[in-house]
Each structure stands twice: as C-alpha cells, then as structure tokens.
Amino acid sequence: MKNKFFILVILFQTVGLALSTPQKYESIFNFGDSLSDTGNLLLSGALVFPVIGQLPYGETFFQHATGRCSDGRLIIDFIAEAFSLPYLQPYLAIKQGQSSQHGVNFAFSGATALDADFFFQRNMGSILWTNNSLNVQLGWFRKLKSDLCSDNESCDDFFKKSLFLVGEIGGNDYNYAFFLGGSIKQLQSMVPSVVGAIANATSALIEEGAVELMVPGNFPIGCSAVYLTLFESPKKEDYDRHGCLKAFNGFAKYHNNQLKQALDTLRQKYPHARIFYADYYGAAMRYVHAPLHHGFYGGTLKACCGGGGPYNFNISARCGHPGSEACKDPSVYSNWDGIHLTEAAYRHIALALTNGSSSHPPLISSPLSD
C-alpha cells in the first residue's frame, strides 16, 4: 500500500510538471490594429504629421517614438519577453531587410477585420485610416511564408513552434461606425460579419500550418475615455458603479460571446490546433474594479495624455497635437491617449494572459514580473 502511495505521488508530480511546463515558442506572428502595431503605420508614411512618430509616444520604455500607440511597450511586446523572444519587427521593416526568423508583426494601426469595401459600400469609407485590413495582412503573411520555410515539412516544423495572434482586431470596425452615429442596435447586425472575418482568418492560418493561435476579444469600450467623452449621458443609470457606460460594455461582451462561439466551432473543425481565447475584457475590468490595487492612482477612465475635459480627451487637442499635454507619470494611469492604453495597463493584461488567468485554455509561459 505504501509503495502504491509513492507511485501515485510520483505520477502526480510527473503529470503536474508536464502540465506546468511552458510551451517554448521560437517565433510569434501577430495580426491586428493599433493595439499591437509596432511600427507599420509609421513606416508606411501614410500620415503626413504622424504624432505617434514623436514624443510623448514611446517616452516610458524606449525613450523615443517607435510607432507604437502608447507611452511604451504593448501586450505583444510583453508576450515576446515572456517567451524570451526579441520584439517583433513590423512587416514593413522586414521588407527593408530585417530578419523574420523570430516572427513578424503584420498589425497596422486603424486596421479592420472587414475589408475596406464593406465600409465604402455603406458610405463609411472616408473615415478609414487604412485599407490594410485583416485579409491584407494575411496576404502579407502568405508572401513572406516562402522566406520562412521551403516545403510542407519544413513549414510544419517551423509553425508548430510558433504562436499566432489574430488580433485584437474588429474594434475599429465598430469604432468607425459608432463615431459616424451608428446605434448599438445597428452595430449588432455587424457582429456576425466581423466575427466571421476573424474566424476565417484564423481558419486560413491553420490551413497554412499554424497550430498555436491566440484570438483576443474586445476591450470594455464603455470604460474608454473616447467613448465616455463622445457618448456622455446625463442619465446616471447609463453608467455602472465604476463610471463606465453600461450599454457599450454590453456591446463589447456581445461581440466577445459571438467570438468565443466561433472559436469553439473552429476547435471542433481543427482538433489538432490549440486555439486560445484571450479575455482582454476580463483582464481590463480587473483593474477597473480595483484601480488602487493595481497601482492606477491616476484612475482608469481619464487619459494620461490629452487636451482637457472630464476624461482628458479632446477631439481637437488629442495626445501629441497642440494643446495637449502628457501626465508626469503614465504608470499610474491605465488610459494613455483616450483610445489606447499605457504600458502599465498592457503589462497587467499580458501578465493575465501568460499566467493563464485570462486565456482559455491557459497560455503558460515563463513568469512576467508584475
């Protein structure tokens, strides 16, 4: 009996070790928008006066602007750190001769899950920042694939050690429509198309050889300074106890639930692939619910960098433009410029992903320091 007990202990320890051993990725491929763009928009030259190409953007970690829409590192940067990988080169830098063996970032600020035609057909094309949608980014990956591996066997071997992040994407599809006056009820009809585009891209990547994929949901947009400013309501009942707009957070949850259902379908279709759902909403709401516990003494609703107003977001004096000013310590704010988050907030979210508390199934890595 005693021997059986020791055998059970040894088996338990062995299984526990196997379950807790981190997956060692050798490369990361990222698709998305400004929440994870590490320089593609800036390198494209699409903006005549790119404020993201100058301080205060980039001031916290890099001490210079990199094209990231934050004061410092993004979630994708922290994920790369967690797996001891270099920061991802933007695709447009790869085209200029940078190495792609540790992965590539295809994300482009302003990008949508749906193709640009969708918006032009609905008279919304004029507001688009870019035509480099998720499909376009997928095309870039396909062009680059032959530089990464030469045949099916070498590609399978390369990609089984790679992590693919499909998003966050889709937020801009809704932003553009909301900012042009679309109602929540109207936008709910867009959700199946947006989710379908994300699911189709995920499926296409699996067909190309991806087996480890993380697909993030949408953030709680009702807690974002831009939404709180543009859709301010005189009715107290429109806000939750943390000051967020309930209806817009409800919309984000609606999108996320649809996305989770789509990912469940993909898991059944591709049982050999590991498809993670990244709960950005839940990870962000943790610090919204307990800002002081997470070190956000400046609050979670007010932007660090902006041009005044209740939430320090002013459409005519956005961060980096004349009339705006950055706070002295971005680390005590979660919101950077009214739309994007600070490095401090992104660190908390990345930690929740890499320790498994906000990724389903858990994405376990070497620990990030909190």
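Q: Why is strand β1 (residues 27-31) called largely enclosed by the rest of the structure?
A: Five of the five residues of β1 are buried, so the strand is largely enclosed. Buried means under 20% relative accessible area, with exposed over 50% and partly exposed in between (1.4 Å probe, protein chains only). Ser-27, Phe-29 and Phe-31 point one way and Ile-28 and Asn-30 the other way, and all are buried. This is a predicted model, where local features need pLDDT of at least 70 and side-chain atom pairs count only at pLDDT 80 or more, while totals for chains, interfaces and linings use all residues. Residues are numbered from 1 along each chain as its sequence is written, and side-chain values use heavy atoms, with hydrogens and water left out.

Q: What makes β1 and strand β4 (residues 162-166) a pair?
A: Two strands pair if DSSP finds at least two bridges between them. Five bridges join β1 to β4, and the two run parallel; Phe-29 stands opposite Phe-164.

Q: In which sense does helix α10 (residues 191-207) cross helix α12 (residues 246-269)?
A: The crossing is right-handed, which means that the near helix is turned clockwise from the far one by less than a right angle. The helices pack at about 35°, with their axes 10 Å apart. Val-191 and Ile-198 of α10 and Phe-251 and Leu-259 of α12 are among the contact residues, where contact means heavy atoms within 4.5 Å.

Key:
Axes are lines fitted to C-alpha atoms, for helices over the stretch in contact, and angles run from 0 to 180 degrees between N-to-C directions. Helices (H or I, at least four residues) and strands (E, at least two) are DSSP runs, numbered from the N terminus.
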